[in-house]
Amino acid sequence: MVSYPRLFIANWKMHGSPEMAKAWLPAVSDAARRQSATAKVVVCPPVTLIHLLSGGGIALGAQNCHVAEEGAFTGEISASMLKDMGCSYVIAGHSERRAQFGETNEMVKQKAQAAIAAGLTPIVCVGETLAERDAGKAQDVVAKQLKESLPQGQFVVAYEPVWAIGTGRNASPADIESMHAHIAANTPKNTQILYGGSVKAANTREILTIQGVSGVLVGGASLNADEFNKIIESSSPPNGGVR
Ligand code: PGA
């Protein structure tokens, strides 16, 4: 069962500037406040912009962390350092990191566990490639990712089919519903399960009506404050009240 508020996570990836962050925050804060009964908004900008996005009633997150708390790891940032910056969430195992930076399920699990140890909530990403879906292996791939990447403790899962990320293609409502049910069957009761992949204002309301979808992880469309506000505004149930 989906409970409110739903999670609306903005993943800026390697985009954004100080000017953009300073304009985005007040614009999105207003929408986040108006929708606070139904939407919890989290922004995951590049680390260099985190300090510019605090204080607007929006939770802060990061896009990655190292598994260790400190050490000789040039260029890396630990979960406790993110916590010190005011973060409460961190994405772990985004498919871009799995594919481009060689992150394995085991590394994702270690990162997610490090996040929990630092007091952050990890958003653990799972999802199949198009070849895996076409081969009928989507559910097996996701089950393996869950089995091997999930930490002990409190976490959020984001189902992001790799072929739907940044492509303008969404999974069909039936595909989303069956994968979310599959994920729910493989995670502790009441785990929040988000959908991600080409989410935009025009499709959020429909995605949120799908059984088992607790929120959305938004990449490209989160960079534009007006577009992201419309996505947040889709959190109200169609009947106007809180279910
Ligand atoms: P997209 O990215 O919304 O641009 O498809 C989603 C994500 O990668 O988290």
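Tutor: Begin with strand pairing. In this predicted model, Val126 stands opposite Tyr159 in β6. Four bridges join β5, residues 121-126, to β6, and these strands run parallel.

Student: Which residue of β7 stands opposite Val156?

Tutor: Gln192 does. Four bridges join β6 to β7, residues 192-196, and this pair also runs parallel.

Student: Which way do the residues of β6 point, and are they buried or exposed?

Tutor: Val156 and Ala158 point one way from β6, residues 156-159. Val157 and Tyr159 point the other way. All four are buried.

Student: Now the core. What is the general idea?

Tutor: In soluble globular proteins, nonpolar side chains tend to be buried together. In this model, the largest nonpolar core has 57 residues. Phe8, Trp24, Leu53, Ile183, Tyr195 and Phe228 have the most contacts inside it. Helix α1, residues 18-34, gives the largest share of this core, five residues.

Student: What is Phe228 in contact with, leaving aside its neighbours within four places in sequence?

Tutor: Its contacts include Phe8, Ile9, Ala10, Trp24 and Val28. Val41, Val218, Ala221 and Ser222 are also among them.

Student: Where does Val156 belong?

Tutor: Val156 is in a second, separate core of 13 residues. Ile91, Ile123 and Leu194 are also included there.

Key. Residues numbered from 1 in each chain as written. Predicted model: local features only at pLDDT ≥ 70, side-chain atom pairs only at ≥ 80, totals over all residues. Heavy atoms only, no water. Buried < 20%, exposed > 50% of the residue type's maximum accessible area, 1.4 Å probe, protein only. Helix = DSSP H or I, 4+ residues; strand = E, 2+ residues; numbered from the N terminus. Pairing = 2+ DSSP bridges. Core = buried A, V, L, I, M, F, W, Y, C linked by side-chain atoms within 4.5 Å. Contact = heavy atoms within 4.5 Å.
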